[in-house]
Amino acid sequence: MNPLYLIFSLGGVAMVAALCAMLFGLQGLQIATEKTVEAYLTQMLPAFRARSIVLGAGRKTALVENDVDGSILLVVAHGDAFVTRRLSKTLLRAVVRNGADLSVRLADFTLPRAKLTLGDPAIATLWEAKLAGVTP
Amino acid sequence: MQLSDPVALATPFFIILVIAEMVYAKLSGHGRFEPYDTAASLLMGFGSVVIGALFAFIFLWMAHMLQPYGIAEFGWSWLVLAAYFVLDDFLYYWWHRASHRVRWLWADHVNHHSSQHYNLSTALRQSWGGPLTPGFVFRAPLVLLGFPIPMIAFVHGLNLIYQFWIHTEVIGKFPRVIEAVMNTPSHHRVHHATNPAYLDSNYAGVFIVWDRMFGTFVVERADDRPRYGIVRNLATFNVFKIATHEWIGLFSDIARAKNLREAFCYIFAPPGWSPDGSRDTTNSLKKQWISLRNAAAE
């Protein structure tokens with residue numbers, strides 16, 4: 001394989017990606033409000049009714065309690081889309097609270113951890129307790 | 001007969017069309033692009049071409065080993081080429097269907113479905129693990145039937161080229177007669193969708209008639225817009241993670257298997273299979289959806 005062909009191809013990839021960034025921006029999606037998450041999950045899940053939702057301060061991460069089955073979902077903004085994980089005993093490795101910050105570690109190759117800054121230590125404590133129910 | 005690689009010849013046009021679709025999407029609001037996602041798709045395509053070139057010798061070696069046992073010897077003619085194109089597409093249908101229903105093959109094919117976007121760059125998001133799959137088994141009958149090896153490689157390229165342009169939201173639906181016979185953007189949007197009603201459908205490469213014949217055809221509905229990606233979407237644009245995530249999952253499941261039966265099922269059962277049934281398969285997701293839909297209707 002001709003090395004020039006490889007270099008030219010990689011240059012082409014960089015050019016297209018740069019043009020895409022110019023046209024569509026790099027800022028990514030933010031979770032505007034709790035309603036945004038609720039609407040998204042209602043569309044995505046076969047059975048969903050929000051019991052409680054908490055957004056991280058960066059508006060990139062949210063924790064959601066599903067009233068239908070009591071499960072807790074992690075929603076993360078990724079690029080211009082959302083990624084969701086239903087937190088289970090096998091998936092959730094650890095929950096660490098530091099003041100108002102809540103960190104979750106997952107057994108997930110592409111989403112190994114997520115951090116939520118919740119602003120109020122009491123809210124972080126409340127969600128830490130909820131997650132204790134699913135932590136192995 | 002010497003033939004150029006049609007995919008290599010088409011690649012500059014692929015790039016031009018990706019750019020054209022991107023500009024059109026920006027101006028019209030039809031179609032979605034995300035720069036990191038697009039870059040990942042293009043890099044996956046680049047890596048796939050490099051790996052394909054490095055390991056092409058495996059296909060060629062096996063094909064030349066089988067060729068002497070061919071039951072016939074077809075020469076080059078337009079008729080043979082046309083017949084072969086249809087036959088190749090028929091085998092592609094079964095290979096593609098198996099790639100969704102057997103986890104070993106899904107570990108490779110999942111890469112192509114791993115974007116939450118559906119645009120021409122998604123078409124180029126090709127897997128890197130081809131050499132780890134028994135893809136040749138599906139084309140071996142064609143060698144044994146006596147089709148020329150260059151024809152097999154050439155038509156495979158044509159099939160891939162056809163499938164490029166159907167990865168778009170810009171094109172709606174074609175006239176009914178075309179939608180009845182050919183794989184179209186509408187049919188393939190359904191294939192890439194994670195909506196429960198759309199899972200495991202429309203495996204066709206060029207001719208949608210295979211799905212209609214074998215019961216896997218699902219029509220795109222205006223009231224159920226496709227949501228693209230995989231059931232458990234990836235939270236990364238890192239191409240190495242995209243390329244390996246399911247392989248790592250598969251190997252770690254095999255390592256944890258308690259007996260040979262479990263290991264066998266992890267490899268050959270549908271994606272999502274687990275010994276205790278705690279994970280979702282596409283079948284279980286469909287069942288959940290149907291029961292909820294029925295409950296809502298009552």
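Modeller: A residue is called buried if 20 or more other C-beta atoms, placed from the backbone, lie within 10 Å of its own, exposed if 12 or fewer do, and partly exposed in between. This is a predicted model, in which local features need pLDDT of at least 70 and side-chain atom pairs count only at pLDDT 80 or more, while totals for chains, interfaces and linings use all residues. Residues are numbered from 1 along each chain as its sequence is written, and chains are lettered from A and ligands numbered from 1 in the order in which they are written.

Biologist: Which residues in α3(B) are buried?

Modeller: Helices (DSSP runs of H or I, at least four residues) and strands (runs of E, at least two) are numbered from the N terminus. In α3(B), the buried residues are B:Asp88, B:Asp89, B:Tyr92, B:Tyr93, B:His96, B:Ser99 and B:His100, and what covers them includes α4 (103-113), α6 (135-145), α7 (149-164) and α10 (209-214) of chain B.

Biologist: What is the strand order in the open sheet of chain A?

Modeller: Strands of a sheet pair through backbone hydrogen bonds, either parallel or antiparallel; here two strands count as paired if DSSP finds at least two bridges between them. The sheet in chain A has 3 strands in the order β5-β6-β7, with antiparallel pairing. Because β5 (92-98) and β7 (113-117) of chain A stand at the edges with a single partner strand each, one side of each is left without a neighbour in the sheet.

Biologist: How many bridges join β5(A) to β6 of chain A?

Modeller: There are 6 bridges between β5(A) and β6 (residues 101-106) of chain A, and A:Leu92 stands opposite A:Leu106 in β6(A). The two strands form a hairpin with 2 residues between them, and A:Gly99 in the turn has a positive phi of about 65°.

Key
Contact = placed C-beta atoms within 7 Å.
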